[in-house]
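Here are my notes for you to read alongside the model. Keep the 3D view open and find each residue as it comes up.

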Amino acid sequence: MSTTTNQLTDEQIAEYRENGFIGVNDVFSMEEVEELRRVTDEFVQQSAELTEHTDIFDLDFAAGHSPETPKLRRITSPHMRHPVYDAAMRKEGLLDIIEQLLGPNIKLHHTKLNMKAPGGGAQVEWHTDWGFYPATNDDILEIGLTFDDMEIENGCLMGIPGSHKWPALSHHQDGYFIGAVSEDDFDMEEAVPIRIKAGGVSIHHVRTLHGSAPNISDRPRRLLLMGYQAADAWPLRGVPDWDAWTGDIVRGEATNRPRLERVPVAMPLPAHPEPAGSIFELQEQLETSHFAAELDAAGIQAEQQQQQ
């Protein structure tokens with residue numbers, strides 16, 4: 001059994017600073033991964049009888065969600081739904097890695113569990129997390145803990161190297177925020193896949209342009225996404241509740257003194273007139289998917305599976 005990783009090397013830190021993302025294997029043990037898989041399977045089964053999205057479950061109808069074959073795109077705030085997710089989010093070895101990049105005072109921003117079912121699990125269009133929640137500084141990052149080997153075929157994360165140093169990109173269409181950038185803003189040929197084994201993590205900077213294609217393989221891709229920020233990175237849209245804000249400090253101390261940096265910002269406003277419960281629903285407003293070819297392939301595969 002391999003030992004888990006608790007520290008980044010100088011080379012990994014330099015790569016993160018230069019490219020805006022890295023993949024790190026062996027952060028979680030296979031015993032931890034198996035427990036996360038087991039709990040996740042239980043949640044998927046709970047969604048079997050649902051016919052519409054809820055505050056917790058975002059269903060994947062395109063992948064064939066039904067009582068017989070329940071398919072989820074997302075579990076919202078999983079750390080609030082089961083202690084095994086909460087424990088993963090608070091894992092000391094993971095926080096050790098994050099401290100190397102953000103400093104000693106760390107606040108949880110959010111968690112979400114994104115899933116791509118075999119043969120067509122949903123894509124995530126190209127975007128930056130910064131487009132959704134700009135702050136007084138950009139010491140904010142996203143951890144992706146994968147429960148499955150994450151490869152191109154099952155829809156691994158992809159990033160554009162150096163994009164975290166670009167000006168702020170618009171995530172708007174026809175004047176409204178849709179949570180995705182225009183294909184004219186970047187060259188997908190520059191995208192680099194983040195391939196990691198189960199139990200490994202992806203780490204990407206809040207301003208890194210990233211996306212992921214649909215799952216056209218016969219394997220799942222389950223990714224527990226956990227956002228963290230320096231405690232002095234205050235959201236530009238305000239802090240409505242001090243107790244809730246400080247309650248999400250996972251290491252170090254809270255502060256009421258935001259650190260102000262010269263960072264490029266485009267606010268996620270005005271909101272789209274058609275409300276959306278998740279990034280998937282919001283990005284469905286995009287006129288042309290960045291992954292049109294992959295979606296065609298996934299559709300053909302799904303049709304072939306239904307005929308068998």
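1. Start with Ser 278. Is Ser 278 buried or exposed? Ser 278 is buried, because its relative accessible area is 9%, and buried means under 20% (exposed is over 50%, partly exposed in between; 1.4 Å probe, protein chains only).

2. A word on the source. This is a predicted model, in which local features need pLDDT of at least 70, side-chain atom pairs count only at pLDDT 80 or more, and totals for chains, interfaces and linings use all residues. Residues are numbered from 1 along each chain as its sequence is written, and side-chain values use heavy atoms, with hydrogens and water left out.

3. Where does Ser 278 lie? Look in the loop between strand 14 (249-251) and helix 6 (279-283). Helices (H or I, at least four residues) and strands (E, at least two) are DSSP runs, numbered from the N terminus.

4. Now the neighbours of Ser 278. Leaving out residues up to four places away in sequence, Ser 278 touches Asp 58, Arg 73 and Arg 74. Contact here means heavy atoms within 4.5 Å. With Asp 58 there is also a polar contact, side chain to side chain, at 2.9 Å. A polar contact is a pair of N or O atoms within 3.5 Å; within protein, one must be able to donate a hydrogen and the other to accept it, and residues adjacent in sequence count only if both atoms are side-chain atoms.

5. Compare sequence with space. Ser 278 and His 53 are 225 residues apart in sequence, and their C-alpha atoms are 9.6 Å apart. Tyr 85 and Ile 97 are 12 residues apart in sequence, with 18 Å from C-alpha to C-alpha.

6. Stay with Tyr 85. It sits in helix 3 (residues 83-89). Tyr 85 counts as buried because its relative accessibility is 1%. Beyond residues up to four places away in sequence, Tyr 85 touches residues including Leu 36, Phe 43, Pro 78, Leu 113 and Leu 224.

7. Next, strand 4 (residues 106-116). Why is strand 4 described as largely enclosed by the rest of the structure? Because 10 of its 11 residues are buried.

8. Which strands pair with strand 4? Two strands pair if DSSP finds at least two bridges between them. Strand 13 (residues 221-230) runs antiparallel to strand 4, with 10 bridges; Thr 111 stands opposite Met 226 there. Strand 3 (residues 72-76) is also antiparallel to strand 4, with 3 bridges, and Thr 76 faces Lys 112. Strand 14 pairs with strand 4 in the antiparallel sense over 2 bridges. There, Lys 107 has Ile 249 as its bridge partner.
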